[in-house]
Amino acid sequence: MSRLTDFRVAVLATDGFEESELTEPVKALRDAGAQVSILSLKPGQIQAVRHDLDKTVKIKVDRAIRDASAAEFDAVHLPGGTVNADSLRMAPEVQAFLRAMQDAGKPITAICHAPWELVSAGLVRGRTLTSYYTIQDDIRNAGGDWVDREVVKDGNWVTSRQPADLPAFNQAMINLFSRSLVASHT
């Protein structure tokens, strides 16, 4: 039985996203029955990379973030990729979307460089999370508690460090989203 039937997940990404950090969680979500929408800064397609340098596939965008509302979604996933996360973190519509998700207590997952987006949205103070090791100072400077672990669960958040963590990350993400779905129907 699908655990996430009718569960709506927004995936925020733009050019320069780390391919596996989008495609593998999206596959896991769809396999669990979730409805996944790829939201970006502009319509069309976005360019994936591997290890930030090598261009790989292009992914079709379902909608522009500016045309979507956090109220339409039950959760959000943030894939990494240095250029992706650095571009998204400064977009006012991304910050507003993430703050609205957090204000509603909806689940948020982020991997690799994606916690930069949570930093720029002003959401990490008092939270425990992980990320790619090079942004640990940014998290600490924003008031977060950075730890070096494969997966970190803190309330409605799940974070991981890098593509090697994806199997554990995907399991923790599905578990978080499933708990959220149960809680919203009680």
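I count two strands as paired if DSSP finds at least two bridges between them. I take helices (H or I, at least four residues) and strands (E, at least two) as DSSP runs, numbered from the N terminus.

**Entry 1. Ground rules.** I am working on a predicted model, where local features need pLDDT of at least 70, side-chain atom pairs count only at pLDDT 80 or more, and totals for chains, interfaces and linings use all residues. I number residues from 1 along each chain as its sequence is written, and my side-chain values use heavy atoms, with hydrogens and water left out.

**Entry 2. Whole chain.** I looked up the elements of the protein chain and found six helices and twelve strands. Its radius of gyration is 15 Å, close to the 16 Å that the globule rule gives for 186 residues, so the chain is as compact as a globular protein of that length. I took that radius over C-alpha atoms; the globule rule is 2.2 Å times the number of residues to the power 0.38. The C-alpha trace spans about 40 × 35 × 30 Å along its principal axes.

Next I checked burial. I call a residue buried under 20% relative accessible area, exposed over 50%, and partly exposed in between (1.4 Å probe, protein chains only). Of the 186 residues, 55% count as buried. The chain exposes about 8200 Å², and carbon and sulfur atoms supply 49% of that area. Those areas come from the Shrake-Rupley method with a 1.4 Å probe; for residues, only the protein chains shown count as cover.

Then contacts, meaning heavy atoms within 4.5 Å. Among contacts with a separation of 6 or more, 67% come from residues 24 or more positions apart.

Entry 3. I started from β3 (residues 35–40). β3 pairs with β6 (residues 63–64) in the parallel sense, over two bridges. I found Ser40 bridged to Ala64 in β6.

β3 also pairs with β1 (residues 8–12), again parallel, over five bridges. In this pairing Val11 stands opposite Ile38, and Ala10 has Ser37 as its bridge partner.

β1 is joined by three bridges to β7 (residues 75–78), and the two run parallel. Here Val9 is bridged to Ala75.

How covered are β1 and β3? I find four of the five residues of β1 buried. In β3, five of six are buried.

I then took the pairings one by one. β2 and β4 run parallel over two bridges, with Phe17 opposite Ala48 in β4. β4 (residues 45–50) and β5 are antiparallel, over five bridges. I noted two bridge pairs here: Gln47 with Lys58, and Arg50 with Asp54.

β4 and β5 form a hairpin with three residues between them. I checked the turn: His51 has a positive phi of about 55 degrees.

**Entry 4. Glu19.** Is Glu19 buried or exposed? I find Glu19 at 16% relative accessibility, so Glu19 counts as buried. Glu19 is found in helix α1 (residues 19–31). Leaving out residues up to four places away in sequence, Glu19 touches Ala48, Val49, Arg50, Thr56 and Val57.

**Entry 5. Helix α3.** I checked the length of α3 (residues 92–103). At 1.5 Å a residue, its twelve residues should span 16 Å, and the end C-alpha atoms are 16 Å apart, which agrees. The expected span is 1.5 Å times one less than the number of residues.

Which residues of α3 are buried? I list Val94, Gln95, Phe97, Leu98, Met101 and Gln102. They cover an arc of only 165 degrees around the axis, which puts them on the same side of α3. I took the arc from the directions of the helix axis to the C-beta atoms. The face turned away from the buried side carries the exposed residues Pro92 and Asp103.

Last, I looked past the end of the helix. Gly105 follows α3 and has a positive phi, near 70 degrees.
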